[in-house]
Amino acid sequence: MILAGDIGGTKTVLALLDRQADGTLSCLQEQTFASGEFQTFEEILDLFLCDSPTVTSACFGIAGPVVNQRCQTTNLPWLLDGEQLKIRLGTERVKLLNDLEAMAIGMLHLQEQDFIELNPNAEPQTGNIAVIAAGTGLGEAMLHWDGEKYHPIATEGGHCDFAPQNPQQDQLLTYLRGRYPDHVSCERVLSGIGFSNIYDFLADMRFAPPCPAVPAATEARGVDRNALISRLGVDGEDPLCRETVRLFAELYGAEAGNLALKAFATGGVFIGGGIGPKIRSVLESGEFMQAFVTKGRFQPMLAKLSVKLALNPRTPLLGAMYYFAAQ
């Protein structure tokens, strides 16, 4: 009996699976919880397992750094401890993974129809794979290819410095330094809050008049301002929102290209997270790939890499499911 979890800043998904004699997994129970409504992860665990049979192994992908099987979540006040979870669940087979590490494993179990190829000039190659995912935060991971199989490698690359590439982005960095004087990371622009940050910057630069439908940041109670800006931008209903999403896609492509270089990802790039599918049409418009390949002398190499957008929202959960099943 396998317990698998995808623990994110916005939602937590738990699943209970039975491993069949032929090695396949059968899902017995799956439930989604709003993470912010709970003070601890253990509260969710108690609700989910109240009537469940004995768990023999458990794996959780968590949005935060996992050090010595402990994780203080980045966007939640939760502390998860692998040793304490072993006691709670009554099994030694408990594993905590960074959420992007789990997502990377899950990518290897998706079907071809779960992907959209963003690079029309992609050439199939083997080698390392880069995984990047914008959602509540910005996650990055790698899949190292040893010649026979892939090994997931967790990173906290989303918290590296934001590096502008043109005059508009230079101005954006200067603007964000006013909001985040200690450090402007990539996550400040490539995450849910990134839409608000970019929108407010463009409004401040008077790119276009503020959208009447978008409340000011101080008045956005009960409204998902980031989702609203994103939707209006994708639909082209407002010039300021449209430019916000365009710039977001440009920045996303640039950072995906950065990660591809750092991972030497000749095997390609997987794009996960909740934002990508929602802005799919913008990512397919060409500006994402243009920013992805604009890396000077390495443009010819990047121009041939496969860049696939994953559409399956259960990818991190699949990674947690298959972690022990594959062993």
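Domain bounds are taken from an automatic or database domain assignment. The model is predicted, so local features need pLDDT of at least 70 and side-chain atom pairs count only at pLDDT 80 or more, while totals for chains, interfaces and linings use all residues. Residues are numbered from 1 along each chain as its sequence is written, and side-chain values use heavy atoms, without hydrogens and water.

**Domains**
- The protein chain is assigned domain 1 (2–99 + 315–323) and domain 2 (111–311).
- Over C-alpha atoms, the centres of domain 1 and domain 2 are 28 Å apart.
- Contact (heavy atoms within 4.5 Å) involves 7 residues from domain 1 and 6 residues from domain 2.
- Between them, the two domains bury about 460 Å², with 46% of it on carbon and sulfur atoms; buried area is the accessible area (1.4 Å probe) that two parts lose on being put together, summed over both.
- Of the area that domain 1 buries against domain 2, 60% is supplied by Thr 74, Asn 75 and Asn 98.

**Sheet**
- Strands (DSSP runs of E, at least two residues, numbered from the N terminus) β5-β6-β7 form, in that order, an open antiparallel sheet of 3 strands.
- β5 (66–67) and β7 (79–81) are at the edges with a single partner strand each, so one side of each has no neighbour in the sheet.
- Strand β6 (residues 70–72) is joined to β7 by 3 bridges, where pairing requires at least two DSSP bridges.
- Gln 72 has Leu 79 in β7 as its bridge partner.

Methods:
Helix = DSSP H or I, 4+ residues; strand = E, 2+ residues; numbered from the N terminus.
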